[in-house]
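Hi,

Here is the structure I said I would pass on.

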Amino acid sequence: MKKFVAAALGGSLAGLIVATQVAGPLLAQEGARTTNVYEQLDLFGDIFERIRAQYVEEVDEADLIEAAINGMLTSLDPHSSYLSPDDAADMRVQTRGEFGGLGIEVTQEEGFVKVVSPIDGTPADAAGIEAGDFITHVDGESVLGLNLDEAVEMMRGPVGSEIVITVVREGEGDPFEVSIIRDTIKLTAVRTRTEGSTVVLRVTTFNDQTMPNLEAGLEKQVEALGGMDKVNGFVLDLRNNPGGLLTQAIRVSDAFLEKGEIVSTRGRDPADGDRFNATPGDLAMGKPVVVLINGGSASASEIVAGALQDHRRAIVVGTKSFGKGSVQTVMPLRGDAAMRLTTARYYTPSGRSIQALGVSPDIVVEQPRRTPASEEEDEANRSRSEADLRGSLDNDSLTEDEIRQIEADRAKAEEAAKLREEDYQLAYAIDILKGLSALGPK
């Protein structure tokens, strides 16, 4: 019995020693970490007081605190930021589809403002701003050293006022200035049209209007062609689309998928991950789809392109996308402010992250820069045929009606070919659908 008590006491003592040896250092580390945080906060307070008391000019205390908060968020990644009450209100308006400005989506790279993409039909688009342009100066003042929100604030102003931005563009020798008149930006989320037997769906952004616009526009164009039987396919044009709402990206992907995963998100805690799956129903009724992307296609655009590519529902054509594979959550703060915080990464159905890599197209097609041809070149490029020769024989195997039909079909083909001069990538996508249609059942 004494041995048992001694053994038990020895075991308890050993357990106490082990617990002390293990827990003691852990508690000490936690205590040191907490003390270090409080020391850093004390340091922040000291700096704040010295600025208030000794800076060469009087400063607004609220502005100092706001700048400190924004600096803390922007130090995390390019997409996390503090939204003042005014900025938060602007963001809510933009999500609804109407806001004031130049019409460009921007990020920050190497201290300069980089254009992710100009928005269709906006002053920036009309002025020739391109995805990948760097903005170095606004009205002659350098943006180097400013955070993204400060640089964007410099570009804001009253509707109708002029702004001059200095642009550096790859392939151009010297920086050049572009004058733009600020305007109210009214976004039409989806523009639809037909090219021959193809329905083109141009999605410019993902806001609350995207899916309603897509459904209504698709139905209208299919009806104009005489029904789905007359449609040879769809082009989903996501070029220069900077993204937007995750919910809308999921709905657009679901519009062309019958089943399967669309996208998954994973945060720091695995329990916070989400998976979003398609529901039955395909707006295109199984018709072939080509998705167009380029370096200005980001975020929600990449979710759609990646989902349709992984499910082999669409052929992706163009150039590599932007590579923004993170999810930002907008969190309300006191006083109508908010913060945009990166809370997760998203993954395509095959489990790949496109963060910093982008979506690679199935067929790489560059958009050539337009160089207007001279009249002499046009004349030289005209081909001669048998029919142009003096005294050539007539075709005696066809009726006049059949000849007229052939000439009408040729005129349509030549008209479609003109699109290559205006938009080579779109023309390429339409040619793919024509080829698929020609190989399909009659």
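Predicted model: local features only at pLDDT ≥ 70, side-chain atom pairs only at ≥ 80, totals over all residues.

Cores first. The largest nonpolar core has 41 residues. Within this core, Phe 234, Leu 236, Phe 256 and Val 291 touch the most other members. Helix H8, residues 300-310, gives the most to this core: 6 residues. As background, nonpolar side chains in soluble globular proteins tend to be buried together.

Phe 234 is worth a click. Leaving out residues up to four places away in sequence, Phe 234 touches a list that includes Val 199, Leu 201, Leu 218, Val 222 and Met 228. Ala 284, Lys 287, Pro 288, Val 289, Val 290 and Leu 433 are also touched by Phe 234.

Next, Thr 107. This residue sits in strand E3, residues 104-109. Is Thr 107 buried or exposed? Its relative accessibility is 6%, so Thr 107 counts as buried. Beyond its neighbours within four places in sequence, Thr 107 contacts Pro 78, His 79, Phe 112, Val 113, Lys 114, Val 116, Leu 148 and Phe 322. Val 152 is 45 residues from Thr 107 along the chain, yet their C-alpha atoms are 9.7 Å apart.

Last, the surface. Val 37, Tyr 38 and Leu 41 form a nonpolar patch there. Together they have about 320 Å² of accessible area. Leu 41 belongs to helix H1, residues 2-54.

Best wishes

Methods. Residues numbered from 1 in each chain as written. Heavy atoms only, no water. Patch = residues over 30% accessible without salt bridge, like charges linked within 9 Å, V, L, I, M, F, W, Y side chains within 5 Å. Areas by Shrake-Rupley, 256 points an atom, 1.4 Å probe, with all protein chains shown as cover. Salt bridge = Lys/Arg side-chain N within 4 Å of Asp/Glu carboxyl O. Helix = DSSP H or I, 4+ residues; strand = E, 2+ residues; numbered from the N terminus. Buried < 20%, exposed > 50% of the residue type's maximum accessible area, 1.4 Å probe, protein only. Contact = heavy atoms within 4.5 Å. Core = buried A, V, L, I, M, F, W, Y, C linked by side-chain atoms within 4.5 Å.
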